[in-house]
Structures are given as structure tokens and as C-alpha cells.
Amino acid sequence: MRHSINKQFALIFSGLMAGTILLCWFANTMFLGQFYITHKRDVLCNAYVQLNNASNGGNIESDEFDVTFEQIASKNNLDILILDSDTRTIKSTVNDTGVLTDRLLGYFLRGTGKAESLYSNDKYHVQKIFDPWMNMEFIELWGLLSNGNMIVMRSPMDSITESAAIANRFLAYVGAIAVVISALIIWFVSKKITEPILELANISARMIHLDFDAKYNDRGKNNEIALLGRHINQLSETLE
């Protein structure tokens, strides 16, 4: 039938699922990038706290600090540079420290320029800034450790943008597959529901033509359709 309940069930639930997935995709497109930026800001702040705690007590030259330093940099994909008060490099994850050194000293001497501030306190600043030398955007943290050493940490925005794009593509692929599978499941389930209704419709049509031999077999089920079927059988017997 053109307007069968089976088709309506399948279309309604498939439409709801597709709409939900599209809404999630839209939310990802609009807000996932900002969520990643906020997350990376928190990562930088936590990394600063860990490095600051590890450097307290004058043990910044220890092997224990080196392990902590490398773990933080590797785990969070961060470029880190620590300078002493004489601008000498103490720790660094980059081979060429000249660019980061110039940027860090420039922040202390000239400020951050057009950088977009994400967080700031009396110890450090977190910002989003474009690096013309690298032709890339970075999220950076720069400031002073408690022992007076200068620190700068940064993470490229390209990785954040790429992560958001990958998440959106993954959601689109999974969503398309989920809609197809769900539509098939809904079609099968709704067919099981509508089959006894069609059977009752056929019995009532035969009753119109005074054929009372047709009876509904509820198969021992105890649901609303089975109850309706038993009532149809009683009606058929009464009319007969």
C-alpha cells in the first residue's frame, strides 16, 4: 500500500536518525574546533603546572626532570623551550632554538602584538598567534617558572584543524552506514508489527461479505494486537 504503516515507520525513524546525525555533524563543524582549542589551552596550562612543580627545588638538571620534560612534550605534541635568566637554553624539544628564543624574548620585551589571548595570569599567558616564519597558527604558552626561568610551549593549530576534519569525516561515514542499517532493522521490525494488522484487516474485509470462517490466530501472544484479534473472533462468532 502507498501509505502503509510499515513505510511510514521506516521513513519516520530513518528521518529522525538522519536528522540526529546531521545535527551532530553540524555541531561538530561549528563547535568542535573551538572545543579542541579550549582543550589544548587546558593541556598547556596543565603542562606548565607539571613542569613548574618538577623544576622546584633546583632539580631542573636532574634525570627525573628530563623524563618528565620528554613525557609532557611527547604526550601532548608540544614544542617546549626553557631559558635561564641569561637567555641560555636549559631544556628544549627543538633542534633549532633560535626562532623560539627570539619569540620568547620578544614577548617579554615588546608584548604579544596581535595574538588572541586565551588565558592569562601573573605567571604565564596562553594565546593563539600566527607565525609568519612558519606560515602557521600556533597555540602558545609563555611566561616564567617559579625558579625564574623563562618558558614557551606551543602546539600547531593545523593538528587541531585536521583532528576536527577527521572527526567530521568519520561521523559522516559512520552516520551514513548507521542510517542504512537502522532503516533495514526498522523495516524488518515494523513489518513484524504490521503483518498481524494486515491479517486483521483481511479478516474484517471477509466479514463484510458475510464470510465468518476466517479467524485470527494470536499464537499465544498477550499484546494489544492479540487482544484485538480475539475481539474480532468474538465479533465474527456473534455476527455468524
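Two strands count as paired if DSSP finds at least two bridges between them. By that criterion, strand 5 (residues 136-144) pairs with strand 6 in the antiparallel sense, over seven bridges. The model is predicted.

- Strand 6 spans residues 150-156, and seven of its seven residues are buried.
- Burial applies to both faces: Met150, Val152, Arg154 and Pro156 lie on one side, and Ile151, Met153 and Ser155 lie on the other.
- Strand 1 (residues 79-83) runs antiparallel to strand 6 and is joined to it by five bridges.
- Val152 in strand 6 is the bridge partner of Leu81.
- Val152 also has Trp142 standing opposite it.
- A hairpin is formed by strand 5 and strand 6, with five residues between them.
- Gly148, in the turn of that hairpin, has a positive phi of about 95°.

**Largest pocket**

- The volume of the largest pocket is about 200 Å³.
- The lining consists of 13 residues, of which Lys192, Pro196, Tyr216, Arg219 and Lys221 are the closest to the pocket centre.
- Two elements, helix 4 (157-208) and helix 5 (224-239), each give two or more residues to this lining.
- Helix 4 gives the most, with five residues.
- By residue class, the lining of the largest pocket has six charged, five nonpolar and two polar residues.

Methods: Residues numbered from 1 in each chain as written. Predicted model: local features only at pLDDT ≥ 70, side-chain atom pairs only at ≥ 80, totals over all residues. Heavy atoms only, no water. 1 Å grid on protein atoms, 1.4 Å probe; cavity = no way out; pocket = protein on both sides within 12 Å on 5 of 7 lines; lining within 4 Å. Points joined across faces, edges and corners; volume = space filled by probe spheres on them. Helix = DSSP H or I, 4+ residues; strand = E, 2+ residues; numbered from the N terminus. Nonpolar A, V, L, I, M, F, W, Y, C, P; charged D, E, K, R; others polar. Buried < 20%, exposed > 50% of the residue type's maximum accessible area, 1.4 Å probe, protein only.
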